[in-house]
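Subject: Structure handover

Hello,

Here is the structure you are taking over. Please keep it open while you read the notes below it.

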Amino acid sequence: MHDKRDLGARLAAFYREMAEWVGQKRKHFPLPFHEESRDQLLAYLYMKEHMPPDLMEALEEEGLLLGEQEPHLLATVEQFLTYLRTPFDRGEEIRAVTRNEAKRLLDERTEAMFGPSGRSQRTRIMVTMDEAWADEPDIIERLLLYGMDIARINCAYGSPETWETLAAVIRRAEERLQQQLLGKRCRIYMDLPGPKIRVDRLAVHTEPVKLTVPKNEYGEPIQPLTGIISLGSGSSQLPSPLPHDVSFILQLTAEEEAVAEQGDDLFFADVRGRKRKLKVIEQMGPSCFKVLLSRTAYVQKGMKLWRGSVLFTLSSALFIPMKAFVQTGTPLYIYFDDAQFVAAKDERGVKMTTTLAKAWRNVRAGDRLYLNDGQILARIVKVHERCVEAKVIADGGKRKTIKQGTGIHLPDSFIHLTVPPLTDRDLEVIPFIAEHADMVGLSFVHTPYDLRKLYRLLSEQGACSLSVVAKIETREALHNLARIVLEGLKFPTFAVMIARGDLALEVGFEHMAAAQREILMLCRAAHIPVIWATQVLEQMAKKGVPSRPELSDVFLGKQAQCIMLNKGAHIAEAVRLLAFLLASEDSHVGQWTDRLSSLE
C-alpha cells in the first residue's frame with residue numbers, strides 16, 4: 001500500500017497543475033453557456049495526456065478509480081483529496097460538477113435534443129425513413145407505436161418533394177395516434193448530403209453490347225430505353241452533362257451526307273438477326289439526337305442501320321447500365337467528366353464518373369479506394385490526365401456489384417483539403433431543412449469552422465434554434481473532435497453521431513472499437529448526447545432474425561443517448577425488439593444473477 005500522505009501530495013500537485021491549465025485554456029474557448037461542461041472536458045483532456053501512469057496505478061490500488069468519471073472528473077479528484085485528507089485549491093473560475101449534476105445536465109440536453117421519452121429507458125430510437133413509406137402511412141404508425149422517437153430523412157437521396165411528403169406523413173401519423181391517446185411527438189432529423197463521393201455513371205466495354213430494355217414479371221417491356229445517337233466523329237457535340245435518363249450512346253457515320261429529324265425511325269438487325277428500330281424523339285444538337293429503343297438488342301461496331309435508302313454504320317456503342325459486376329483483378333477507370341467518360345472507347349473493365357470530381361485532385365498511386373461500404377477494395381494504379389486508373393484487389397471471395405449511387409471512400413487521399421464539407425448541394429437544401437426539420441446533421445464535418453459556417457447559414461434562415469448533429473465519419477473529424485465538441489457547446493442543442501460505417505473505412509476496421517470508445521468518453525466528459533449509428537440490428541431489420549453479435553452491439557449502444565436503425569423489410573419488428581432490449585435488459589441481467597446466487 002502507498003503512503004496516503006505522499007499519495008495525497010502527489011495528487012494535489014497534479015490537480016493544481018490541471019486546474020492551472022484548464023484556467024488558461026478556458027480563456028481561448030469562451031461560451032455563452034455550458035461553461036461547466038467546457039471545464040470538465042478540458043480537465044479530461046489534460047488528465048488523458050498528462051496523468052502519470054504510476055500515479056493512476058497508485059490511486060487504483062487504494063480503490064480510487066478515475067475510469068468512467070469523465071462527466072464529473074474535477075469533483076471526483078476533489079473527493080479523492082478529501083479522502084486522503086489533503087487540502088486543495090481549485091480556483092474560483094473553474095466550474096466543477098458532482099455526479100448527480102453531471103447526470104442532470106446530460107439528461108436535460110438529451111431531452112432538449114431528442115424530445116421526451118415515453119418509455120422507462122432513456123435511450124432514444126432513431127429510424128431512417130424509406131421513400132416508399134410516403135405511400136404506406138401504416139408503417140410510420142407502427143414505428144411510432146413500437147418506440148421510434150426520431151425519424152431520419154437522408155437528404156443525400158430523393159428530392160425536396162419526397163422529403164416534404166414523408167414529413168407530412170409522419171405528422172399525420174402522429175395526429176392519428178394522438179387522437180387515440182396512443183402517440184407522442186416524433187422529432188424529424190434531416191442529414192445534409194455532404195461531400196460523399198458516389199458513382200454517377202457506369203459503363204462496361206463488351207462486344208457485342210447488350211442494350212437491355214426493362215421487362216415485367218411476364219417478360220413484357222415496361223418502358224423504352226432512352227439513348228443518344230451522334231452522327232459524325234467525336235463526342236464534343238454530345239450534351240454536357242449527359243441527361244440522367246440516357247442509357248446508351250451510339251456513334252454513327254453515314255455513307256453519304258445524311259441527317260435525322262424528330263419522328264424518324266432507324267432500322268437495324270441486331271447481332272442475333274432480330275429486327276429492331278430506334279425512334280428519334282428529340283434533336284439535342286446539330287448532329288445529336290435522343291432516341292428510344294423498345295426491345296432489347298445486341299449491337300456491335302460495324303453494324304448497319306438504315307432510314308429508307310440512307311445507310312449508317314455503328315462506329316462505337318456505349319451502354320450506361322445501372323450496375324456493373326467486378327471481382328479481384330477488375331480494372332476501374334474513374335473519369336473526371338462526362339465528355340472524357342464517353343470519349344474513352346478502348347479500356348477493358350469498368351468505367352465510371354463520380355458525383356465529386358474535386359475529390360480526385362489529391363489521389364496518388366498506391367492509395368486505397370473502397371466501394372460498397374468496404375465490400376470492395378481497390379488500389380489506385382496510375383493517375384492520368386483524364387481519369388484515375390485503379391484495380392480491385394479484394395472482393396470478399398465473390399463477384400460484387402457496383403451500382404449508380406454506390407459510395408466511394410478514399411481514406412489515404414486527404415480529400416478534405418480540396419472538398420469543403422458544405423457543398424453546393426448542401427447550400428441548396430439548407431433552407432428546406434430549416435423549414436421542415438427539428439434537427440440537422442452536418443455530414444463529414446472536419447473542423448470547428450464547419451460548425452460555425454453551418455450556424456451562420458442557419459441564422460440567415462432564421463433557424464438558430466435548430467438542433468445540430470456533428471457526424472463523426474472521417475479521420476480529420478476524429479483528430480479535431482475536442483475542438484468540434486467545444487464549438488458544439490456554443491449551440492443551444494447539440495449532439496454527436498458516431499457514423500461507424502464511414503468512420504471504419506477511414507480509420508481502419510481494426511481501430512474502430514478504440515475510436516468509438518474515445519468519442520463516447522470525450523462526449524461524456526462534455527455532457528454531450530451521442531447517437532450510435534450504422535448496422536445496429538441490421539440483420540433483424542433486413543431478414544427478421546437478429547444475429548448474436550448485433551444483440552451484443554445493442555448493449556454497447558446503450559452507452560449512447562440515441563441508437564439509430566436503418567430501413568429494412570422488417571424494420572418495425574427491429575424497432576420493437578430494440579425498445580424491449582433498451583427497457584428490460586438491465587432487469588433481466590439482475591434476474592439471472594439472482595437465480596445463480598440462489599444456487600450457491
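Predicted model: local features only at pLDDT ≥ 70, side-chain atom pairs only at ≥ 80, totals over all residues.

Residues are numbered from 1 along each chain as its sequence is written, and side-chain values use heavy atoms, with hydrogens and water left out.

Helix α5

Helices (H or I, at least four residues) and strands (E, at least two) are DSSP runs, numbered from the N terminus. Helix α5 covers residues 99-114, and its 16 residues should span 22 Å at 1.5 Å a residue, which agrees with the 22 Å between its end C-alpha atoms. The expected span is 1.5 Å times one less than the number of residues. Buried means under 20% relative accessible area, exposed over 50%, and partly exposed in between (1.4 Å probe, protein chains only). In α5 the buried residues are Ala 102, Leu 105, Leu 106, Arg 109, Thr 110, Met 113 and Phe 114. Seen down the helix axis, these buried residues fall within an arc of 130°, so they line one face of α5. The arc is taken from the directions from the axis to the C-beta atoms. Just after α5, Gly 115 has a positive phi of about 90°.

Aromatic pairs

Rings of Phe, Tyr and Trp (its six-membered ring) pair if their centres lie within 6.5 Å; planes under 30 degrees apart are stacked, over 60 edge-to-face, and the rest tilted. The whole structure holds seven aromatic pairs. One of them is the tilted pair of Phe 14 and Tyr 46, at 5.6 Å centre to centre and 40° between the planes. Phe 14 sits in helix α1 (residues 4-25) and Tyr 46 in helix α2 (residues 35-50), 32 residues apart. Both Phe 14 and Tyr 46 are buried. Together with Trp 21 they form one aromatic cluster.

The ring centres of Tyr 455 and Phe 491 are 5.3 Å apart with planes at 80°, so this pair is edge-to-face. Tyr 455 belongs to helix α10 (residues 448-460) and Phe 491 to the loop between α12 (481-488) and β24 (494-499), so the pair ties together parts 36 residues apart in sequence. Tyr 455 is partly exposed, with a relative accessible area of 32%, whereas Phe 491 is buried at 4%.

The second largest pocket

A pocket is an open set of points on a 1 Å grid over the protein atoms alone where a 1.4 Å probe fits, with protein on both sides within 12 Å along at least five of seven lines; lining residues have an atom within 4 Å of a point. The second largest pocket is lined by 49 residues, and Val 199, Asp 200, Arg 201, Gln 404 and Gly 405 lie nearest its centre. Strand β4 gives the most to this lining, with five residues.

Regards
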